[in-house]
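Biologist: I would like to learn how to read a model of this kind, one feature at a time. Please give the general idea where there is one, and then the case at hand.

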Amino acid sequence: MPRTRRAVAAVRLALPLVLVAGGMSGCAASAQGSGSDDRPVVLTTFTVLADVAQNVAGDHLRVESITKVGAEIHGYEPTPRDIAKASEADLILDNGLNLESWFGQFVESVDVPHVVVSDGVEPLDITEDAYAGKPNPHAWMSPVNVQLYVDNMVDAFAELDPAHAADFETNGAAYQAELQKVQDELVTGLSALPENQRALVTCEGAFSYLARDAGLTEQYIWPVNAEQQATPQQITSAIEFVQANDVPAVFCESTVSDKPMQQVVEATGAAFGGTLYVDSLSAADGPVPTYLDLIRYDATTIVDALTGSES
Ligand SMILES: [Zn+2]
């Protein structure tokens, strides 16, 4: 253990000492920063969870993501530094539903409590390939589900930091209201689509929950992007679906190569509707620095491309 602690201490020392001036109030201006403060540390497995958690935590907790912006999260391989960091955390949040295949071993190597934030979500099963019958992990692609994530975070944070339980409750309720707004916008926007265009064709099968909420038929090249190698058969079946349904536009996710989908575009004449964000937020100056941005961006991109409108 001494080696681990030294590594973390070195990281902390490398940071500017400006934050110390903020005192012990626990209200450091940079909530995502890792200055030397006394707030409990919450680690999440990926950036989407970190943003939601930060909204619930407010200034009371320090929230950080283990994986960085743009990372492939399904088959991530934790580094020794990740493990060092995790061993210093007070709570770890994971998505569950088999999203983080690396997480079981990871969490066993550190003695830190963890909470599965998708607890209570009604899972939708993957229907194809090796993953058939397993739950689709992308439950956060439904603002309705994320409201449950928030409930779980409010409970977990209240246990971690009871003095601020009322604030977590208030923050959570406010954020849930924002989530409901996005959900309503999504349903309204997509309901304008004609019946025969109500199909969402993407690279990864990451949109089952969003498609269910919005009344879209979901089609994808591969079910879960752990492999990222599209077979000719998978591409052919996507092409056939697009042709049979006269789908005007197809999409691909930001964390995978869109080459297989470009083949579908070439074969069918469908438009490439754009890049969708699922498994990671963008950098702060990118298009989707927060989860609310992400889900709004995707909804707008989908509606605009399928209806041929520009918003
Ligand atoms: Zn994914």
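Biologist: Which residue stands opposite W222 in strand 6?

Modeller: E204 does. Bear in mind that this is a predicted model. Strand 5 and strand 6 pair in the parallel sense, over 5 bridges.

Biologist: How does the chain get from strand 5 to strand 6?

Modeller: The chain passes through helix 7, residues 208–214, and this β-α-β crossover is right-handed.

Biologist: How many residues of strand 5 are buried?

Modeller: The count is 6 of the 6 residues, so strand 5 is largely enclosed by the rest of the structure. For the chain as a whole, 41% of the 311 residues count as buried. The chain has 10 helices and 8 strands.

Biologist: How should I read a nonpolar core?

Modeller: In soluble globular proteins, nonpolar side chains tend to be buried together. Here the largest nonpolar core has 78 residues, and those with the most contacts inside it are V52, A53, V56 and M153.

Biologist: Why does this core lie between domain 1 and domain 2?

Modeller: Domain 1 (2–184) and domain 2 (193–307) both contribute residues to the core, so its place is between them.

Biologist: Which residues does V56 touch, leaving out those up to four places away in sequence?

Modeller: V56 touches V150, M153, V154, F157, F168, N171, G172 and Y175. On the scale of the chain, take the contacts between residues at least 6 apart in sequence: 59% of these join residues at least 24 apart.

Biologist: Next, a helix. Which residues of helix 9 are buried?

Modeller: In helix 9, residues 259–268, the buried ones are P260, M261 and V264. Viewed down the helix axis they fall within an arc of 100 degrees, so they line one face of helix 9. On the other side, K259 and E266 are exposed.

Biologist: What do the buried residues of helix 9 pack against?

Modeller: Their partners are strand 5 (199–204), strand 6 (217–222), helix 8 (232–245), strand 7 (249–253) and strand 8 (271–276). Strand 5 and strand 6 are the parallel pair discussed above.

Biologist: Which residue follows helix 9, and what is its phi?

Modeller: G269 follows helix 9, with a positive phi near 80 degrees. The C-alpha atom of G269 is separated by 9.0 Å from that of Q243, although the two residues are 26 apart along the chain. Q243 belongs to helix 8. With 14 other C-beta atoms within 10 Å, Q243 is partly exposed.

Definitions and conventions. Residues numbered from 1 in each chain as written. Predicted model: local features only at pLDDT ≥ 70, side-chain atom pairs only at ≥ 80, totals over all residues. Core = buried A, V, L, I, M, F, W, Y, C linked by C-beta atoms within 7 Å. Buried ≥ 20, exposed ≤ 12 C-beta atoms within 10 Å, placed from the backbone. Domains from an automatic or database assignment. Contact = placed C-beta atoms within 7 Å. Helix = DSSP H or I, 4+ residues; strand = E, 2+ residues; numbered from the N terminus. Arc of directions from axis to C-beta. Pairing = 2+ DSSP bridges. Right-handed = clockwise from strand over helix to strand, strands pointing away.
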